[in-house]
Protein chains: 4
Amino acid sequence: MKQVRIGIVGATGYTGSELVRILSRHPYARVDVITSMSRAGEAFSDVHPAFRGVEDRTLAPLSDLSEYELDIVFLALPNGASMEFVRDHGINRFRIIDLSGDFRLRSPAVYEEWYGRQHVTAERLSDAAYGLPELYRSVIRSSRLVANPGCYPTSAILLLAPLLKHRLVRPTGIVIDSKSGVTGAGSVARSGTHFPWVFGNFRAYGLLRHRHTPEIEQVLSESAGQDVQVQLTPHLLPIDRGILTTAYTEAIEGVNASMLEEVYRTCYESERFIRILDSPPSVKNVRGSNFCDVFATLDSRTNRIVAISAIDNLVKGASGQAVQNMNIMFDLPEEAGLGQVPLSP
Amino acid sequence: MKQVRIGIVGATGYTGSELVRILSRHPYARVDVITSMSRAGEAFSDVHPAFRGVEDRTLAPLSDLSEYELDIVFLALPNGASMEFVRDHGINRFRIIDLSGDFRLRSPAVYEEWYGRQHVTAERLSDAAYGLPELYRSVIRSSRLVANPGCYPTSAILLLAPLLKHRLVRPTGIVIDSKSGVTGAGSVARSGTHFPWVFGNFRAYGLLRHRHTPEIEQVLSESAGQDVQVQLTPHLLPIDRGILTTAYTEAIEGVNASMLEEVYRTCYESERFIRILDSPPSVKNVRGSNFCDVFATLDSRTNRIVAISAIDNLVKGASGQAVQNMNIMFDLPEEAGLGQVPLSP
Amino acid sequence: MKQVRIGIVGATGYTGSELVRILSRHPYARVDVITSMSRAGEAFSDVHPAFRGVEDRTLAPLSDLSEYELDIVFLALPNGASMEFVRDHGINRFRIIDLSGDFRLRSPAVYEEWYGRQHVTAERLSDAAYGLPELYRSVIRSSRLVANPGCYPTSAILLLAPLLKHRLVRPTGIVIDSKSGVTGAGSVARSGTHFPWVFGNFRAYGLLRHRHTPEIEQVLSESAGQDVQVQLTPHLLPIDRGILTTAYTEAIEGVNASMLEEVYRTCYESERFIRILDSPPSVKNVRGSNFCDVFATLDSRTNRIVAISAIDNLVKGASGQAVQNMNIMFDLPEEAGLGQVPLSP
Amino acid sequence: MKQVRIGIVGATGYTGSELVRILSRHPYARVDVITSMSRAGEAFSDVHPAFRGVEDRTLAPLSDLSEYELDIVFLALPNGASMEFVRDHGINRFRIIDLSGDFRLRSPAVYEEWYGRQHVTAERLSDAAYGLPELYRSVIRSSRLVANPGCYPTSAILLLAPLLKHRLVRPTGIVIDSKSGVTGAGSVARSGTHFPWVFGNFRAYGLLRHRHTPEIEQVLSESAGQDVQVQLTPHLLPIDRGILTTAYTEAIEGVNASMLEEVYRTCYESERFIRILDSPPSVKNVRGSNFCDVFATLDSRTNRIVAISAIDNLVKGASGQAVQNMNIMFDLPEEAGLGQVPLSP
């Protein structure tokens with residue numbers, strides 16, 4: 001049976017551990033090497049003790065990567081480190097799925113504006129496929145460099161693209177009020193994620209200038225065929241996993257409830273990981289799984305469509321989607337390794 | 001020293017216990033009687049064990065109320081029960097602060113539409129003062145029947161009234177995305193508030209038709225001097241206390257950041273319980289206190305004002321505000337009994 | 001490929017949903033029917049919305065069970081209901097794994113004393129195998145009726161049996177201080193599991209008289225070959241899943257640290273689901289998995305052995321262990337369907 | 001009215017902020033100066049934003065302390081820093097309540113053994129009063145240097161001292177299984193207190209060698225009039241505040257339930273902050289308050305007494321108890337400033 005030979009670069013963060021969790025049960029995946037800058041020489045299960053007995057191999061230094069013949073490398077690196085890896089290693093020896101934000105924006109100028117640094121391999125930005133399978137499956141299939149979407153963008157785009165593509169809502173004045181679990185802030189302890197401060201708390205952050213804003217606008221504009229502008233406000237939920245996005249749009253004159261239903265059905269009927277609900281979704285119903293639950297309703301009083309989606313930010317919002325992309329790139333069954341049932345309760 | 005003689009009707013819910021918590025340390029308050037339908041004859045501290053040694057008196061049946069000479073009665077009753085109490089007891093023997101939704105809407109027709117029942121003392125609706133001190137202090141002072149605001153309305157109105165009153169934003173297309181702790185759902189156990197389901201979870205509820213919608217619109221319309229329409233979406237936070245409201249409005253042409261700051265300062269400079277922040281508020285910073293923290297910022301890219309407020313839903317959102325109203329009605333220092341410092345962490 | 005034909009009786013509780021979660025990904029399992037008294041006629045995913053798209057079949061009434069030719073039936077029923085099922089259906093048509101407490105105690109008198117009711121099929125108590133594979137694997141293999149252990153007993157027995165079997169500790173004066181997530185209290189909402197009360201809280205319950213006490217004593221006495229007496233105190237953790245058990249025993253004169261290590265290694269070296277740690281375990285490191293993590297240390301100052309175990313109460317503490325038992329009963333690979341990696345973070 | 005003039009040394013930690021929370025509402029307290037090494041020059045409310053509008057004064061450098069005429073100084077410093085302060089400043093200019101562990105142990109040798117460093121003012125150890133008012137009130141009253149007890153010791157000693165003093169239990173083989181909220185680990189973010197790791201988790205730490213062990217043994221030995229040995233195991237609860245301690249002791253022959261009740265009544269009947277319960281306590285029922293709830297029961301089956309206490313680790317376990325000590329030292333009403341009703345729910 002065909003086995004994809006895999007390297008994972010970056011092992012100490014949550015996207016790295018979640019990749020290993022998923023790939024360790026994938027029937028067609030063989031993880032040949034896991035590298036780490038800061039923890040090379042230690043066991044993976046020393047860094048992530050939940051994996052004792054599951055994945056105990058020693059983390060390799062990045063320089064070992066060249067010793068392996070790999071089909072694909074997942075980059076579980078911070079923003080900025082991924083583009084340096086791509087600059088240094090190219091995309092000929094192996095295909096790449098990058099989980100950082102480095103290759104998601106097509107314009108170097110927009111990247112520089114929102115990420116506050118110059119792109120070091122700007123010429124690659126046009127090569128990279130945007131790894132949202134439900135919208136870009138065929139491009140992903142043949143791509144050598146896939147930019148895995150951000151967690152907020154995944155939740156927002158899957159929710160809004162059908163409405164914009166089918167011209168049910170106006171492309172401006174869109175409000176995206178998103179709430180994420182704390183794993184979205186990364187695995188490094190900071191005062192803002194100290195337990196006594198987050199417990200029993202709730203707050204917004206990154207107002208006006210969150211980097212996922214231009215990513216959402218870029219993709220939704222492509223779906224809409226016209227410029228889309230959104231107001232994204234992220235909030236920090238006192239839970240570990242999960243994003244709930246509540247989006248507000250103005251309905252085009254004449255839109256009704258059955259058109260709404262029809263549009264989502266048309267777009268997602270054959271999508272295995274999208275569940276169209278008839279009541280508002282809950283993040284716990286997708287915990288640990290690759291599902292994206294969506295729901296939309298028209299308020300005839302205000303003529304607005306309120307739409308809500310739920311994902312696990314580490315799965316459909318990161319590593320699960322990355323594996324889904326890999327499956328597409330290697331002609332595997334798209335759901336391979338991604339059959340985890342949501343852990344609820 | 002002057003002592004206000006107080007009756008509390010309804011003791012088993014959270015607004016009742018929170019009233020007792022606050023009033024037990026109020027220098028000018030004397031709670032003479034606490035009644036309960038379902039638990040009469042039991043000790044208050046049997047119903048609320050945290051109060052052992054603090055408030056152990058026996059709960060009286062409602063019929064005992066007539067034995068006391070009272071200055072004021074707080075109604076900590078479900079919607080529907082309060083209007084029956086007012087119908088039966090009138091407002092002559094004592095003044096009343098009602099914590100339910102029964103007297104918040106001025107129009108019997110709107111009440112019937114959103115609450116799904118006829119009002120039994122519709123003629124009282126015009127008498128009732130809307131108990132939001134920062135907007136209606138003078139009316140409250142002389143009123144015999146005060147309708148204590150809802151928790152979501154308190155958080156939304158205090159946030160948005162300055163913008164609308166001073167015409168910085170358009171009165172339509174307002175989005176109010178609110179998130180509340182679970183005490184807002186009441187003290188009765190239900191499947192929707194079962195711990196294993198709420199823990200690690202987050203979801204929206206009451207879309208389009210939440211009863212606080214017309215309450216917010218009524219009061220904001222009065223502030224604006226024109227009809228205001230809002231889209232309110234409540235969400236359930238997996239915490240016990242606290243509401244964070246994120247509101248989105250469209251700025252009027254020419255509005256700038258300093259006007260924004262000016263408007264909040266003008267409205268709230270002398271308000272003891274409103275804190276104007278220069279960064280987004282956190283619900284934990286108001287836990288247990290009567291503060292309402294507000295923050296607003298203008299996004300020049302989208303021309304929207306994003307405004308955020310935080311309250312403790314049981315204090316400024318319910319019982320604390322009720323005591324603030326009592327203080328005004330009896331010419332006491334407005335902060336009497338309300339000096340609790342937020343419990344953070 | 002061989003498929004075990006399965007019926008699940010009782011679908012609305014957490015052990016039922018967890019069985020379906022595990023069996024839906026089991027390569028040799030075929031769930032033919034799921035019955036429910038209270039929700040027959042509804043879809044499984046209406047009762048457990050996380051399963052939408054995963055398990056949408058209609059719940060059957062119990063009477064339908066006779067229409068299916070089944071190899072095994074899992075009883076996910078309340079205490080008391082299971083023994084009635086066994087009395088009525090016998091154990092000839094299919095083998096049975098019972099997840100209730102009805103068949104765990106070998107003595108009808110002890111059952112009556114601790115469960116407060118007479119046993120209706122007392123003659124079956126001696127037939128039933130105690131379904132703790134690490135201790136009773138060969139008996140389970142040939143049994144037609146397996147009593148799946150309680151969650152606290154699983155965590156306590158796996159932790160203490162090696163010490164008692166190998167006579168490292170005294171059989172009396174054993175303290176078992178256990179802490180469980182709220183799913184252990186079942187899926188029915190009660191005031192004691194109302195979110196605002198459990199959140200930020202912690203308390204003991206069931207002191208002195210918890211039903212798992214005689215179960216633990218019975219099994220540990222068998223391991224020790226002498227009477228064992230324990231003091232069990234359960235506590236309610238404000239989390240959804242997980243049990244941590246801290247046990248205190250008095251070391252026999254002459255016991256040292258290397259003997260301790262040796263004993264656990266001897267007992268569990270080839271056990272796939274037991275991980276012997278060299279530092280105290282954490283419940284999050286087993287979440288969603290069938291692992292039991294154990295750790296023990298000798299305090300030479302007090303001459304006590306402090307031992308700690310962690311399990312997911314719904315998996316190794318209930319449904320995962322039930323599936324492990326099924327695998328043994330049908331000569332399947334013991335880990336089939338049980339390869340879930342812990343969901344951490 | 002008499003005002004105690006107060007200095008607080010150390011403002012960035014939780015004991016510091018909690019002191020300010022309590023003292024800001026104390027009728028006889030006047031905080032004249034708050035110092036900080038790391039944040040001098042910043043506003044107290046910049047470090048602790050919950051205090052905006054409550055305590056906005058600028059933090060002073062330690063060197064400013066000499067400019068104030070103070071009656072008492074609270075040391076809210078890390079272990080090690082307090083003894084240096086006492087060495088440098090002496091105890092003549094002002095009385096001192098130290099919230100660290102530096103002056104709790106009477107023996108320099110024991111201090112060195114458990115704290116891993118030499119004591120720099122060992123001669124002061126015999127001067128210091130152990131600041132547990134219920135046991136040492138008269139000594140505290142006249143002391144110039146009070147060592148405020150540790151949080152675990154407060155919960156354990158108040159629970160067990162009556163049993164040992166009145167010889168109801170044996171002085172050896174005592175098990176103290178304690179569970180604390182995360183504020184007990186301090187205000188500095190570390191990987192062990194990173195929200196995604198603590199959330200949904202539970203674990204033991206500090207086994208065998210926790211520094212509170214000798215503190216508990218020292219005080220309980222004094223109560224018992226003989227050597228007491230305990231086995232303390234601390235655990236980390238995924239909540240912010242609260243300690244629950246479950247203690248196991250062996251009853252002396254002939255002890256019965258009414259003797260148990262009698263002993264607690266004798267010891268604590270007139271203690272304002274100790275509540276003797278007839279059912280197991282819950283940490284939420286003491287949240288934010290200075291109460292210590294205690295409960296004990298005799299298991300006639302095992303002849304053990306299981307005793308449980310609950311405190312708020314930052315109040316009765318730290319800053320509230322410190323203020324109680326101050327009240328005693330200055331002949332103020334012992335409950336002054338400490339009337340906070342538990343914040344439940």
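Mentor: One term before we start: two residues are in contact if their C-beta atoms, placed from the backbone, lie within 7 Å. Keep in mind that this is a predicted model, where local features need pLDDT of at least 70, side-chain atom pairs count only at pLDDT 80 or more, and totals for chains, interfaces and linings use all residues. Residues are numbered from 1 along each chain as its sequence is written, while chains are lettered from A and ligands numbered from 1 in the order in which they are written.

Trainee: Thanks! Through what do chain B and chain C meet?
Mentor: Through the same surface, because 100% of the interface residues of chain B are also interface residues in chain C.

Trainee: How many residues does that contact take from chain B and chain C?
Mentor: It takes 14 residues from chain B and 14 residues from chain C. The side of chain B that touches chain C divides into 7 nonpolar, 5 polar and 2 charged residues. Here Ala, Val, Leu, Ile, Met, Phe, Trp, Tyr, Cys and Pro count as nonpolar, Asp, Glu, Lys and Arg as charged, and the others, Gly among them, as polar.

Trainee: And what rotation superposes chain B on chain C?
Mentor: A rotation of 180° with 0.0 Å of shift along its axis, giving an RMSD of 0.0 Å. Copies are superposed by least squares on the C-alpha atoms of residues with pLDDT of at least 70 in both.

Trainee: Which residue of chain B comes closest to the rotation axis?
Mentor: That is B:Phe195, whose C-alpha is at 2.2 Å.

Trainee: Okay, over to chain A. How many of its residues are in contact with chain B?
Mentor: 38 residues of chain A are in contact with 38 residues of chain B. On the chain B side, elements giving two or more residues include helix 7 (195-198) and strand 10 (243-250). Helices (H or I, at least four residues) and strands (E, at least two) are DSSP runs, numbered from the N terminus. By class, that side of chain B has 19 nonpolar, 11 polar and 8 charged residues.

Trainee: Switching topic: which domains does chain A have?
Mentor: The assignment, which is automatic or from a database, gives domain 1 (4-149 + 316-329) and domain 2 (152-313) of chain A. Their C-alpha centres lie 24 Å apart. The contact between them takes 21 residues from domain 1 and 26 residues from domain 2 of chain A.

Trainee: Which helix gives the most to the domain 1 side of chain A?
Mentor: Helix 10 of chain A, with 6 residues.

Trainee: What about sheets in chain A? What's the strand order?
Mentor: Chain A has an open sheet of 6 strands in the order 2-1-3-4-6-5, with parallel pairing. Strand 2 (29-35) and strand 5 (129-130) of chain A stand at the edges with a single partner strand each, so one side of each is left without a neighbour in the sheet. Two strands pair if DSSP finds at least two bridges between them.

Trainee: Last one: is strand 10 of chain C largely enclosed or left open?
Mentor: Strand 10 (residues 243-250) of chain C is largely enclosed by the rest of the structure, because 7 of its 8 residues are buried. A residue is buried if 20 or more other C-beta atoms lie within 10 Å of its own, exposed if 12 or fewer, and partly exposed in between, with C-beta atoms placed from the backbone. Strand 10 of chain C runs antiparallel to strand 7 (residues 174-180) of chain C, joined by 6 bridges.
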